[in-house]
Amino acid sequence: MSQTISGEPEGEDEAGLRKIIHVDMDAFFASVEQRDEPELRGKPLAVGGSSGRGVVAAASYEARVFGVRSAMPSARAVRLCPQLIFRKPRFDVYRGVSEQIRAIFRDYTPHVEPLSLDEAYLDVTHDLKGIGSATRIAQEVRQRIRAETQLTASAGVSYNKFLAKLASDQNKPDGLCVIRPGQGAQFVAALPVSRFHGVGPRGAEKMAALGIATGADLAARDLPFLRTHFGSFAEYLFRAARGIDLRQVRANRERKSVGGERTFFENIQKSDDLRATMDQIVDIVWERVERTGAKGRTVTLKLRYADFRTLTRARSVSPRVTDKAMFARLGHALLEELMPLPQPVRLMGLTLSSLLREPQEHAASASGGQLSLL
C-alpha cells in the first residue's frame, strides 16, 4: 500500500475550503472477476468482447503491463498480450458490489456523488462520525472496502474535486495521496498533461506540438491562446492548470439525461467502425434507461473530432422513445446524416433526454450521473 501524506486539508470553518475524497476502485471489473474466479488471479485478464469488433472494457494490472488498456480494440489487445484471458461483463454483479461500497460511504457522509460504478466523490467537511480528518476517513473507508468486498481501492484527499481525483490516481493501485491547501498549483505543475481528465493520447500529442508537456507549460499559456487551439475546452484547461475547481459534491442530482460516451484508443473514421460503435453504445445506454425507469423524447448524438471540435445533433419524437429498437434507429439516423465524416473522431456519445420518469420508477436514480462505458 503506497501513501503520500502531505498534511490534512483545512476545514471549511478555518479556510472556507472543503474536505473532498475521491475513491476509485482498482481495475474494478477485472478485480471482481479475479475475486470470484481465483484461478484468474495473477493472470492478464480483460473484461469485454473477444470478437473481431470487441472492445476492452477493463483490464487487470497484469494485462496493463503489456500495454492493454480500456477502450482498446480486443484484436489489438490480443496482439499485445497473446495470453490475454477474456471474460464477458457481468454488470449485475458489478452493480451489487458497487452498492456495498456506496453503503460504506454513506456511513461517513450523506454527500456522496457517484461518477460510475467504481468511483465517487465524498464531501466529508462535516462527517457523520465526527472524525474530523479526511485522511483518516479515507484510510478507514479503504480498509472497510477491503474487509467487506475483498477488493482494493485508491483514494485522493484534497480541497476540491479536480485535485482529489488527480490524487486518487497518484499511487494506484491500493494507494492514498493527500494534497493540502497551498499545494494544488505546485502539484499540477509537475504532472504531464495526459493526466488531466479529458486529455487523451491525441490531445496530449496536439499539446506537445504546441510545446505543452506539463501542467506548468499549460499554466504559462493565456486564455486567448488556449481558446484559439482548444475552443470551449480552453476554460477547463486554464483553471485545471492552476488547480482551480469550484464544483460542489452533489448527491442525488436530478437526472436530466441518461447516456454514455466512449473515447477511442485510436481515432476512427470508417463508416462500418462508427456503426459498430453506435451499436455498442446503444446496448449499454439502453440497459441504463431500463434500470432507471426513465422515459424520454430526445436522442442526442455527440461526436468529438480529432481536433477537439465537438458536434452534437438531436432528434425529438412524440410522445416518447418507447423501446430499444426505436432508440437505436434514432441514434443511427443521426449518425448517417453526418457521414462521411470530414475527419476522424476521438469520442462518440449518445443520450436520452427530455425525461418523463414515471412516479413508481425511481429506485435506481440514486446510482449516479452519466454512465461510464469503460
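**Polar contacts and aromatic pairs**

Modeller: The side chains of S116 and D118 are joined by a polar contact of 2.6 Å, where a polar contact is a pair of N or O atoms within 3.5 Å, of which, within protein, one must be able to donate a hydrogen and the other to accept it, and residues adjacent in sequence count only if both atoms are side-chain atoms. This is a predicted model, in which local features need pLDDT of at least 70 and side-chain atom pairs count only at pLDDT 80 or more, while totals for chains, interfaces and linings use all residues. Residues are numbered from 1 along each chain as its sequence is written, and side-chain values use heavy atoms, with hydrogens and water left out.

Colleague: Where does S116 sit, and is S116 buried or exposed?

Modeller: S116 is placed in strand β6, helices (H or I, at least four residues) and strands (E, at least two) being DSSP runs numbered from the N terminus. With a relative accessibility of 10%, S116 counts as buried, on a scale where buried means under 20% relative accessible area, exposed over 50% and partly exposed in between (1.4 Å probe, protein chains only).

Colleague: And where is D118, and what does D118 touch?

Modeller: D118 is found in the loop between β6 (112–116) and β7 (119–123). Not counting residues up to four places away in sequence, D118 touches V23, D24, M25 and F28, contact meaning heavy atoms within 4.5 Å.

Colleague: Which residues does the UniProt "binding site" annotation cover?

Modeller: In the unreviewed UniProt entry, that annotation covers D24 and D118; UniProt positions are given in the numbering used here, feature names are shortened, and annotations may be inferred rather than shown by experiment. The two span 95 residues in sequence, yet no two of their C-alpha atoms are more than 6.0 Å apart, so they gather at one spot.

Colleague: What about D24 itself: which strand is D24 in, and what does D24 touch?

Modeller: D24 lies in strand β2 (residues 20–25) and is buried, with a relative accessible area of 14%. Leaving out residues up to four places away in sequence, the contacts of D24 are D118, E119, A153, S154, S168 and K172.

Colleague: E119 is on that list. Which UniProt annotation covers E119?

Modeller: The unreviewed entry has E119 under "active site". E119 is placed in strand β7 and, at 17% relative accessibility, counts as buried. The side chain of E119 makes a polar contact of 2.7 Å with the side chain of H22. Apart from neighbours within four places in sequence, E119 is in contact with H22, V23, D24, P114 and K165.

Colleague: Now the rings. How many aromatic pairs does the structure hold?

Modeller: The structure holds 9 aromatic pairs, counted for rings of Phe, Tyr and Trp (its six-membered ring) whose centres lie within 6.5 Å, with planes under 30 degrees apart counted as stacked, over 60 as edge-to-face and the rest as tilted. One of them is F28 with Y94, whose ring centres are 6.3 Å apart and whose planes are at 55 degrees, so the pair is tilted. F28 lies in helix α2 (residues 28–36) and Y94 in helix α5 (residues 91–106), so this pair ties together parts that are 66 residues apart in sequence.

Colleague: What about F29 and Y94, how do their rings sit?

Modeller: The ring centres of F29 and Y94 are 4.2 Å apart and the planes are at 10 degrees, so that pair is stacked. This pair also links distant parts of the chain, with F29 in helix α2 and Y94 in helix α5, 65 residues apart. F29 and Y94 are both buried, and ring pairs link F28, F29, F91 and Y94 into a cluster.

Colleague: How many residues of α2 are buried?

Modeller: In α2, 8 of the 9 residues are buried, so the helix is largely enclosed by the rest of the structure.

Colleague: Last topic: what are the figures for the chain?

Modeller: The secondary structure comes to 14 helices and 14 strands, and buried residues make up 49% of the 374 residues in the chain. Among contacts between residues at least 6 apart in sequence, 66% join residues at least 24 apart.
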